Amino acid sequence: MENPRSVEELGPGDHACLTFTDPDERLDIVAAFVLAGLDKGHKVLCFTDSVPADRLPGELSARSVPAEDAMRRGQLAVRGSDRIWLAEGQPSARRMVDLLTGQLDLAAREGYPVLRMTADMCWATRPVAPIDQLLAFESEVGSLFADGRLAAICQYDRDSFDPVTLAFAAAAHTQAVAAAVYHEDPILRICRQHSPPGVRAAGELDFTRAEPLTQALAEALRLDEHIHVNLTQLRYIDAACASIIIQSARSLPDGRHLTVICHGLVREMFALVDTGEVGALRVQTAYGRP
């Protein structure tokens, strides 16, 4: 399997493995994959497990995916894994491959050139789901990608699967997908956010990490028209790093803006730092946060 790629690089014929520890980062990548499929006129099918099927469309919508509209017109389908993979009590690799083959044929009859499928594989950790059927599925499904009508991301939570299974899953896929990481240590992680585009930081951020923050913002300024700086998982930010973000907004030309999503002490720091008149800066409180 190749080195991890950005989700924007995935296309028809790609069978990608996403291993994750941050649920928000996982949903961000899934949202970008779904949005790209909708924009390209593909049929999109999401199998979800850890996020209930009735909640996933809202999570996608919060990440700039027009999920409800796409579901109404039949381009997007969201299904719970327990009703599909475990529909008969015990999973069967052959039945799962046949199910996906049927979905491919259905998409073609509906006029879609490509089926994009993303699946949360946590169903395989349940007691009734022998892991050998998961491994057999990942081995057998590869033949469906040959004609370029299928693109897929299989999602594996590192906290749910053992290292041996994760290693096998990685080897069974032709691609790996991951967010671009600008900095990661036990205290702080800074990575690219795909949808809406920008930067995500989690942990604690102070002047000693100013360089990777500046790098991440510089890339977002170069790639994205409007930048979102997601600090919902950030516990602390100092005045120096808050100022770096504010200065990035100040550098934007007319018509572009930078939105900071934060709460708590981080929100208070942005209130304390003198932003002056920065018309391009928007500081918003994270949904569901005080």
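I began with helix H6 (residues 163–172), which lies across S1 and S5 at about 150 degrees to S1. I took helices (H or I, at least four residues) and strands (E, at least two) as DSSP runs, numbered from the N terminus. Contact means heavy atoms within 4.5 Å. Axes are lines fitted to C-alpha atoms, for helices over the stretch in contact, and angles run from 0 to 180 degrees between N-to-C directions.

This is a predicted model, where local features need pLDDT of at least 70 and side-chain atom pairs pLDDT 80 or more, while totals for chains, interfaces and linings use all residues. Residues are numbered from 1 along each chain as its sequence is written, and side-chain values use heavy atoms, with hydrogens and water left out.

Next I checked helix H1 (residues 23–39). H1 lies across S1 (15–20), S2, S3, S4 and S5 (150–157), and runs at about 165 degrees to S4.

Then I traced the sheet. Six strands form an open sheet, ordered S3-S2-S4-S5-S1-S6, with parallel pairing. S3 and S6 (175–176) stand at the edges with a single partner strand each, so one side of each has no neighbour in the sheet. I counted two strands as paired if DSSP finds at least two bridges between them.

Five bridges join S2 to S4 (residues 115–120), and the two run parallel. Lysine 43 has leucine 115 as its bridge partner in S4. Five bridges also join S2 to S3 (residues 76–80), again parallel. Here leucine 45 stands opposite alanine 77, and cysteine 46 opposite valine 78.

Is S2 mostly covered or uncovered? I found six of its six residues buried; that means under 20% relative accessible area, with exposed over 50% and partly exposed in between (1.4 Å probe, protein chains only). Lys43, Leu45 and Phe47 point one way, and Val44, Cys46 and Thr48 the other. In a regular strand, side chains alternate between the two faces of the sheet.

I also looked for a charge over a ring (NZ of Lys or CZ of Arg within 6 Å of the ring centre and within 35 degrees of the ring normal). The charged end of arginine 116 sits over the ring of phenylalanine 33, 4.7 Å from its centre.

Last, the cysteines. I found zero disulfides, taking one as a pair of cysteine sulfur atoms within 2.5 Å. For cysteine 122, the nearest cysteine sulfur belongs to cysteine 17, 12 Å away. Cysteine 122 is buried at 8% relative accessibility. For cysteine 191, the nearest is that of cysteine 241, 16 Å away. Cysteine 191 is buried too, at 1%.
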